[in-house]
Structures are given as C-alpha cells and as structure tokens.
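Dear colleague,

I am passing on the model that we talked about, together with my notes on it. Please look at the structure before you read further.

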Amino acid sequence: MKALAYLILTRTKNKILALRKKPGLMILYAFILVFIIAFILYQIFAPKLSTTKMHIDQRYMYMFLSGFGLLYLFTFTYSGISTGSTFFTMADVGLLFVAPISTRKILFYGLLSTIGKSMITSIFIFYQIPNLVDTFGFGFRDIVSLFIIYTVMIFFCQIYSIGIYIFSNCNQNRKNIVKTLLYVFFAILIIATYMISQKEQVGLLGAVRLLVDHKLFGYLPIVGWVTMFLKGILTGSIVNAMIALALFLVSSVLIVSLLTSQEADYYEDVLQSTEVTYQRLKDYKEGKRTSSNINRKVKVMDNDKGLQKGKGAISFAYKHLLEMKRSSRLIFVDNITLFTVIGTGIAGYSIKNEWGSYVILASLIYIQFFITIVGRLKLELVKPYIYMVPEPPFKKLVAASVSSLLKPCVDSIFIFGALALVGGASILDCIFMAIAYSSSGAVFLGLTLVYQRVLGGQPNKVAKVFIGIFLMISLFTPGVVVSILISFFVLPESLQFLSTLPYSIMSLLAATIMFFACRNILDNAEVSQGM
Amino acid sequence: MLAVNNVTKKYGKLIANDNISFGVNAGEVSLLLGPNGAGKSTLIKCISGLLKFTGSIGICGNSNKTLQAKRDLGYIPEVPALYDMLTIWEHMEFIARAYSLENWRDRAEKLIERFELDDKKKKLGSELSKGMQQKLSICCGFLPQPKLILFDEPMVGLDPQAIKELKNMIIEQQQAGNAILISTHMLDSVNGFWNSVNIMMDGKIVTCRKRNEMEEAEEDLETLFFRITKREN
C-alpha cells in the first residue's frame, strides 16, 4: 500500500504544483475557493433579512437532476455495452498492473482516484451558487448535498458501466437484454408521464414535475436515487436521503464484488476501456475528435470513388466533403444539425412572444461559436499538408474553409425551417435569421484564423478564451446595435423582417476583413499542436 | 540542394536551434544525429516550413517558403500525420491532386506495393496500425517526387521488410541525384549509405563530417557519436 499511497500523494502534490505553470486554471480554482468561502461566511454572518422572497418550485431542481441522471444512465449503459468504463490510466496499466501489488489494493486505489475525479467534475456546482441561492433558495447544506449526490452519481455511473461490461462482454444476447431493459425503462417513464398528464389534466412540463416528485420515482436506479437524496435533504427527511445513499452504496458493493469475484479478471475488463479512454483523450487534445464523429463506425464501400475532383488548393475542399460524407451520409447534416433543429423546434414551440425568435437566434449563434471552433479548418492546421502543399496560402485557406462556411448555411435551412414550421415564425423572418446565422458562422471561422495569427501555434487556452470573448463582443456589438436601431427607428412594421440584415452585412464584412488580414497566415504561422 | 544559414529557433526563452548553418548537396544522404532534445526535429520542421525561425533556408536555390521550394520538398514526420477518414488510396489521390501531379497512379500503385499496403487500399487512416501509418506517410512523402527529402526518425515502427525497402528507396533517390536529410537514433540502419553527418547538441551543430574523412581516420559513426556526445563508456 505504501507505493499506492505514495502515488496518490505525489500525483496530487504535483498537480497542485503544476498549477504554477497554468495561471488561468489557478485563477479559476482560486475564484471558486473564494466564492465558496465568501458564501459560507455570508451564510454564517449575514442577517436573515427576509424569508418572503419567492423561489422557483424545487421540483424543477429534481427535474434537472433527473435529466442529468437519465443522460448518464443512457451514456454509461451504452459505454458499458461497448467498452465499459475504467478507474485507471494507461500509466496504471503499464506500471501498476504488472507490479507485485495485490489486485484488491490496486482496485481500491482506482476507486479512490475515481472519487477524486468525480469530485473535480462536480465542482461546477459551486460555480452555480448564486443561481442556486437566488432561484431555488438553497442554503449551504443544500448546495453541499447537491455536490455530494452529483459526485456519487458520476462515481456510481462508472462502476455501473463496468458492471454492464462484465455482464454483457462478448455476449450479444446479454447486450440485447441490457438495451431492451434500458428502452423499457425509458418507455415506463414516458408512459408514466402521459398517464399523469391525463389524470391530473396538466401539460407535459407539469406532468414531469409531478413524476419526479412521486414517492415511487425515488426508487428508480440512478435518476430516482439522486432525486430521493436531494428531496430528503431539502424536505428534512434524513431517512429518505440515507436510503438513497444506501441504494448507491449497496449497488456499488455488488458490482465491485462481481469485479473481484474469482471468475472475473478485472484487469482484462478495464484494459480495453482504459486504452479507448486514452485514445479519446489523445484525439481530443489533438483536436481530432468532434461531437459529430464520436462512436461512428465508418464502412468504406467497394464502389467508393474517393475525391474524384479538385486540383491544387481546392483539393482540400473536396477532401473535406469526402470526410464529411464518411462522418454523415447527408454530408453537411449531422448529429449537431439534428440536435440543434430539435432544440430550436422545442424553443420555438415554447417561446411564442414578439422577441422569442431573436432570443432563439442569439442562443443559436452563441452555441455556434463552440461548434465552429472545432471545425475542419482547425483540424487541417494541426497537420503539415496545408503548410507544405505548393499553392498560394490564401487559396489554401479559402479552400480549407469552404466546408466550414457552407455548413452553417445548410444547417440554417433546417434550423429556421423548424422555427417556421413548429414555432410559427414568419417565413421572411426565418430567411433573414438564417442569413444572420450563416454570416455569424463566417465570423467565427475568421476568429479561428485570428487566434492562429495573434497567438501563434500553441495558444494558451485561457488567453484564447479571453481574446475570443473580447473579439466576439467587439465584432458583434456594432452589428447588433445597428440592427436594433434600424429596427426601432427606420423600419416600418411591414419590413421588420429586415431587422437582422445590418447585423448580417456587418458580420460578413468583419469575416472578409479577418480572412484578408490572415491571408498569408499559412506562410507566417507555425503548425499548431492542437489549437 | 539544401542550404541552412544561421537558423535560430526559440520557444520563449528556450533556444531549440542556435545559429545553425549546414548544407546537403545533390546525391548526398546527410545524417542529423544527436541525443534526445538536441533540436533535430525542430530543425527539420523549420526546413519544412512548419515553424518560424530567424536566418534563411534555401531549397534548390529558393527560399523554403516559396511555392517552388515546396514542390521540391518531401517531408516524412516522426509521428505520421494522416487523415482518419481517408483510405490509403485516397491519401495518395489527395496528395496527387493537392500537388497537381500528372500520371501519378502507376507510381502510387508501385509505392504502396513496395510497402505491402496494396491489399489494404480501402482501409481508413484510423484503422491502420502505427507501422502501417508510417509506411503510408512515407508513400505520401515520396509521391510528388521531391528533390530534397527530410526524414524524421523514419524507421521507427517499421517491420524489417519495410526498413529494407525504405533503405533501397533512399539509395535509389541518392543515385537519382536527390538530396536526403535523415534524423535518426538508429545508427546501424543508416550505416550503408550515408555521405555526411551532422551531430547536434543543445541546439547547435557541434560536428560535421564527411564519410571519406571518417574512413581515412578509421573512425566509425557510433564511436564518433559517443565521443561527441560524451556518452562513451
């Protein structure tokens, strides 16, 4: 155990010391720490001013928590069916698994490490302290409880995933059983929601709110247990909170027993998952993996004809089209398009006021920022070819950007089509909002180039975020302001659909300027190591 | 064919390449040796035009940033840089199209045949083993028929047959009058065909020797390397 204790302590110590080289992260941690301390002090010393402030129904918090639970249940069940989960890193596999240390001790070490990682993952909850206090009226005990149960949920999900893997590994029938049970679970929830809505004569949201508050819901694995715990804490029913924790604990012990039973060799069970996790992390760091290509098995057909077109710089554009075809049969329409369309449809259906469409457009543009920064141009900049191909740098830059410029245009047709169909927005409004969305995509692409030009090949992530936010505000503010002014003071009611046009024109102008300013970037920049 | 003059590359305060000058002539295989962290890969990336530097680098008389220099240059990186979603054959097609090559198909077929990849033409980059990725990376580097080829640890991950084939290809390039610069730690594998050697330490070239000079002095590559890098036991 000495070696394992040494490993845990030394790794923790080195991680803390390494923060000296990552000032951005250190500031973030310090900020969170100050936040927590300030909150505790406030809770202790602040006078209880008023108890009359109205807070949102706490059942919304149960809904959020159950939503996360459902997402994790689904994700970890599927990872259990394919590769399982792991408590270990590749270094553990290479150095610990072959060392003369008891496998149980190593497992204990793995569990401890996983608890630590789960706690770090859950730290974002403290970042939400103002919202939790203001919206739900949470106190210190409630927030700590939320943090604990969220950590427990993430930790348990990893054990659960390994349990599923041990149960279903190399056995298609068992995999099918697991999948069927998962679908039945979801079907039960849908049916229960429907029955409640019929019985209580409430809408979808009301039915879900009643469902998560139901006593029996608390006994459902993961989603129910987390809700039962938090509900127990918030309502002062410690017994319920303890039952929920006990359910997590007993299930964990059962799965770990299965893992360490004589038939199971957990080294083998976690090996593949450790390798897959390592590769995924590596791909993320190198910018290879995007949300649209995760877990997709690609099959190359015998009649696949390759690039077929293009000579010189434009080959990059045709290569991107081929790669996109491999990622999604509909080329530009992928999972991101699908999720965005569904989200827009729901938002359009729910928000039907005068400014609703503009709020949705603003949200979509904000989300687009994160989608565009992992585009194909960025992937191209981490490989040597774009720098080495004997073509003028501007031609290569434009060719490598074509797919990223076209994607928002294609996406916008579906997204704003959904807004018109489901949300009832006018067709003309939707057309001009689609133009605004597409032109924002061009601006974000331009920003990718500016990063490379301003920050070089290995930009600091914190600097990137700050410069990104600064540039985004600087670039979009004039367009938004002009659009609002024209909308209020120039355009008559019948031409209000043109209100986003000034924004679109200014965005396109900004994108053009950025592209032109960065036209020689491929000759002047350095190959990026995962921008 | 390759003229490196006063090249300096800094990463912040770290000087990775410190005022380096050397050259490689046509028909010459030049070695770049040195311990880990000596700055070999950085220098090769500077020559390839992938990193910014001060000083000048000429390829066949043109600055390494010019289009003509890019046409004359082939680079096989230490870590193969392939596209996950392209097959082996599509990598060759992409290179041919990007470099605007004519009549490349037979040459591409021969290259992948020499590296025993011909039965895996439909395999995606993401499906290839490390060794196969390295083989494909070499094929991509050779396809445009460059006059100067830079290799950064080319033998790593290759099977004996591929190593033998690569050696033959390097000798063919040498005989065809092309220039080759190889950065490697595997001294035995390059013993048969090198013409000059540059040994790097702490970002500087500390020794440049021609093969005939060393043969006259009855000194072999390994002895020289250990003597220079002070690692001789």
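This is a predicted model: local features need pLDDT of at least 70, side-chain atom pairs count only at pLDDT 80 or more; totals for chains, interfaces and linings use all residues.

Residues are numbered from 1 along each chain as its sequence is written, chains are lettered from A and ligands numbered from 1 in the order in which they are written, and side-chain values use heavy atoms, with hydrogens and water left out.

I start with the cores. A nonpolar core is here a set of buried Ala, Val, Leu, Ile, Met, Phe, Trp, Tyr and Cys residues joined through side-chain atoms within 4.5 Å, where buried means under 20% relative accessible area, exposed means over 50%, and partly exposed lies in between, for a 1.4 Å probe and protein chains only. The largest such core has 127 residues, and those with the most contacts inside it are Phe416(A), Leu2(B), Phe22(B), Ile47(B) and Met92(B). Helix α20 of chain A, residues 427–455, gives the most to this core, with 13 residues; helices (H or I, at least four residues) and strands (E, at least two) are DSSP runs, numbered from the N terminus. Ile47(B), leaving aside its neighbours within four places in sequence, is in contact (heavy atoms within 4.5 Å) with Leu2(B), Val4(B), Phe22(B), Ile57(B), Ile59(B), Asn64(B), Leu73(B), Leu150(B) and Leu181(B). A second, separate core of 69 residues includes Ile162(A), Ile196(A), Ile255(A) and Tyr267(A).

Next comes a helix packing in chain A. Helix α3 (residues 59–82) and helix α10 (residues 204–213) of chain A pack at an angle of about 85°, with their axes 9 Å apart; axes are lines fitted to C-alpha atoms, for helices over the stretch in contact, and angles run from 0 to 180 degrees between N-to-C directions. That angle makes α3(A) roughly perpendicular to α10(A), a class that spans 65 to 115 degrees, with angles under 35 degrees counted as roughly parallel, over 145 as roughly antiparallel and the rest as oblique. On the side of α3(A) the contact is made by Arg59(A), Tyr60(A), Tyr62(A), Met63(A) and Ser66(A), and on the side of α10(A) by Leu205(A), Val208(A), Arg209(A), Leu210(A), Val212(A) and Asp213(A). The residues of this contact divide into 7 nonpolar, 1 polar and 3 charged, where Ala, Val, Leu, Ile, Met, Phe, Trp, Tyr, Cys and Pro count as nonpolar, Asp, Glu, Lys and Arg as charged, and the others, Gly among them, as polar.

On the aromatic rings, a search of the whole structure finds 27 aromatic pairs over all chains. Rings of Phe, Tyr and Trp (its six-membered ring) pair if their centres lie within 6.5 Å, and planes under 30 degrees apart count as stacked, over 60 as edge-to-face and the rest as tilted. Phe74(A) and Phe186(A) form an edge-to-face pair, at 6.1 Å centre to centre and with 85° between the planes. This pair links distant parts of the chain, 112 residues apart, with Phe74(A) in helix α3 and Phe186(A) in helix α9 (residues 172–200) of chain A. Phe74(A) is partly exposed at 37% relative accessibility, and Phe186(A) is likewise partly exposed at 24%. Phe488(A) and Phe489(A) form a tilted pair, at 6.4 Å and 50°; Phe488(A) is exposed at 54% and Phe489(A) is exposed at 68%. Phe68(A), Tyr72(A), Phe76(A) and Tyr150(A) form one aromatic cluster.

Some single residues remain. Most residues other than glycine have a negative phi, but phi is positive at Asn103(B), near 45°, and at Glu153(B), near 50°. Beyond its neighbours within four places in sequence, Glu391(A) is in contact with Gly312(A), Ala313(A), Lys396(A), Leu67(B), Ala98(B) and Ser100(B).

With best wishes
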